[in-house]
Amino acid sequence: MAEPRLLALTMGEPGGVGPEIALKAYAALKSSGPGFFVVGDPRAFPETAITVVSDPSAAAGAFATALPVLDTGTRAQVTPGTADPASAPAVISAIERAVALAIAGEAAAVVTNPIEKASLNAAGWRWPGHTEFIEHLTSGAPMPNGRRRGAVMMIAGPSLRTVPVTIHQSVREAAAQLSAESIVQKAQITFEALQTDFGIAQPRLAIAGLNPHAGEKGTIGREDEDIVAPAVAELRAIYGDAITGPHPADTLFHEEARARYDAALCMLHDQALIPAKTLAFHQAVNVTLGLPIIRTSPDHGTARDIAGKGIARADSLIAAIKLAASLAGARACA
């Protein structure tokens, strides 16, 4: 099979900014690439701005003249600013089709537009988010080159990469469920991805503590002493000085600190995402590591408050498309 040329971009929530930023990304990339096609309901887009295609091979030829949309045949309720649970089947089928194409080698990677999880949940969708759903969809596909499996969220920006150990949980639940095993597993998957997908021969990984000041030797909670530090010790036994920590999170993200590592493993969702979005909100990309396919996403939500107004910025989606293409190329050469 010839090397796939295009990326598969899911429609996302049709009442959000996904269709608008997809068209803006196409306008920015149609001359220089990378090429992509949208998977979803063509009715979410102006008819004059797209070309409806039946398969990815047709999309490759259409990209030069109009944004190709691969019709899943499942219809959505398209009202800008409104997330209708009736659209859930169309949103979900777009994700399923894009992932299937990537597994089959018919798409180079998957880029996902933002979804409205509350709307999907109202329609019976049971997954916390894209990450967990795509992990489920890819569970039967083999990992490349014997790499470790396990969906790990990374937020990648121009000057910072962060990985949260716990994701879509309350702070109370996340702290209660944190384990040395999960820290080690996600650190190893991150380390492999930095080497293979990001091309960093000798990655450096900084491990953040959970509590203020990394627990102050157990005086501000025992988690850093009893969970994080043993995980760091286990990782250092494998990777040596490439692993450091536990570091107080409040001093881990300034410019001088960032120069000392290639990614930071954080204990909580917000501990990872706040610095990443603060430093580069419009350039940060959500990457799922530990999958048999490449998956990226813009690092923002559906922005329904501005949907249909023509003012949404496509910067993060463009960055997600470019990064997906880069990661897919690196993996193909590994």
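Is Asn-113 buried or exposed, and what is its relative accessible area? Asn-113 is buried, with a relative accessible area of 1%. The close-up views described below come from a predicted model, and the legends begin with this residue.

**View 1. Asn-113 in the loop between β5 and α4.** The loop that holds Asn-113 runs between strand β5, residues 110-111, and helix α4, residues 117-122. With a relative accessible area of 1%, Asn-113 falls under the 20% limit and therefore counts as buried. A polar atom of the Asn-113 side chain lies 3.4 Å from the backbone oxygen of Gly-18. Leaving out residues up to four places away in sequence, Asn-113 touches Leu-9, Thr-10, Met-11, Gly-12, Gly-18, Ile-21, Ala-22, His-130, Pro-298 and Leu-317. Among these, Ile-21 and Ala-22 belong to α1 and Leu-317 belongs to α11, the two helices shown in the next view.

**View 2. The packing of helix α1 with helix α11.** Two packed helices are described by the angle between their axes and the distance between the axes. Helix α1 covers residues 18-29 and helix α11 covers residues 315-333, and their axes come within 9 Å and cross at roughly 60°. At this angle α1 and α11 are oblique to each other, and α1 passes α11 in a right-handed crossing. On the α1 side the contact is made by Ile-21, Ala-22, Ala-25, Ala-28 and Leu-29, which meet Leu-317, Ile-318, Ile-321 and Lys-322 in α11. Sorted by class, the residues of this contact are eight nonpolar, no polar and one charged.

**View 3. The packing of helix α7 with helix α8.** Helix α7, residues 180-196, packs with helix α8, residues 223-239, at an angle of about 40°, and their axes are 8 Å apart. The helices α7 and α8 are therefore oblique to each other, and their crossing is right-handed. From α7, the residues Ala-180, Ile-183, Val-184, Ala-187, Gln-188 and Phe-191 meet Ile-227, Val-228, Ala-231, Glu-234, Leu-235, Ile-238 and Tyr-239 from α8. By class, this contact of α7 with α8 has eleven nonpolar, one polar and one charged residues.

**View 4. Arg-147 in the loop between α5 and β6.** Arg-147 is placed between helix α5, residues 130-137, and strand β6, residues 152-156, in the loop that joins them. Its relative accessible area is 11%, and Arg-147 is buried. Apart from neighbours within four places in sequence, Arg-147 is in contact with Glu-192, Ala-193, Thr-196, Asp-197 and Arg-331. Gly-129 is 18 residues away from Arg-147 along the chain, and the C-alpha atoms of the two residues are separated by 23 Å.

**View 5. Two cis peptide bonds, at Pro-34 and at Pro-246.** Gly-33 and Pro-34 are joined by a cis peptide bond with omega of about 5°, and Pro-34 is found in the loop between α1 and strand β2, residues 36-40. The peptide bond from Gly-245 to Pro-246 is also cis, with omega near -5°. Pro-246 lies in strand β9, which covers residues 243-247.

**View 6. Positive phi at Ala-214 and at Ala-303.** Ala-214 is a residue other than glycine, yet its phi is positive, near 55°. Ala-214 is found in the loop between strand β8, residues 205-208, and α8, and at 11% relative accessibility Ala-214 counts as buried. Ala-303 likewise is not a glycine and has a positive phi, of about 50°. The place of Ala-303 is in the loop between strand β12, residues 295-298, and α11, and at 28% relative accessibility Ala-303 counts as partly exposed.

**View 7. Ala-59 in helix α2.** Helix α2, which covers residues 56-62, holds Ala-59. The relative accessible area of Ala-59 is 0%, and the residue is buried. Not counting residues up to four places away in sequence, Ala-59 touches Leu-6, Phe-37, Val-53 and Pro-68. Gly-218 is 159 residues apart from Ala-59 along the chain, and their C-alpha atoms are separated by 57 Å.

Conventions. Residues are numbered from 1 along each chain as its sequence is written. This is a predicted model: local features need pLDDT of at least 70, side-chain atom pairs count only at pLDDT 80 or more; totals for chains, interfaces and linings use all residues. Side-chain values use heavy atoms; hydrogens and water are left out. Axes are lines fitted to C-alpha atoms, for helices over the stretch in contact, and angles run from 0 to 180 degrees between N-to-C directions. Helices (H or I, at least four residues) and strands (E, at least two) are DSSP runs, numbered from the N terminus. Angles under 35 degrees count as roughly parallel, over 145 as roughly antiparallel, 65 to 115 as roughly perpendicular and the rest as oblique. A crossing is left-handed if the near helix is turned anticlockwise from the far one by less than a right angle, and right-handed if clockwise. Contact means heavy atoms within 4.5 Å. Ala, Val, Leu, Ile, Met, Phe, Trp, Tyr, Cys and Pro count as nonpolar, Asp, Glu, Lys and Arg as charged, and the others, Gly among them, as polar. Buried means under 20% relative accessible area, exposed over 50%, partly exposed in between (1.4 Å probe, protein chains only). A polar contact is a pair of N or O atoms within 3.5 Å; within protein, one must be able to donate a hydrogen and the other to accept it, and residues adjacent in sequence count only if both atoms are side-chain atoms.
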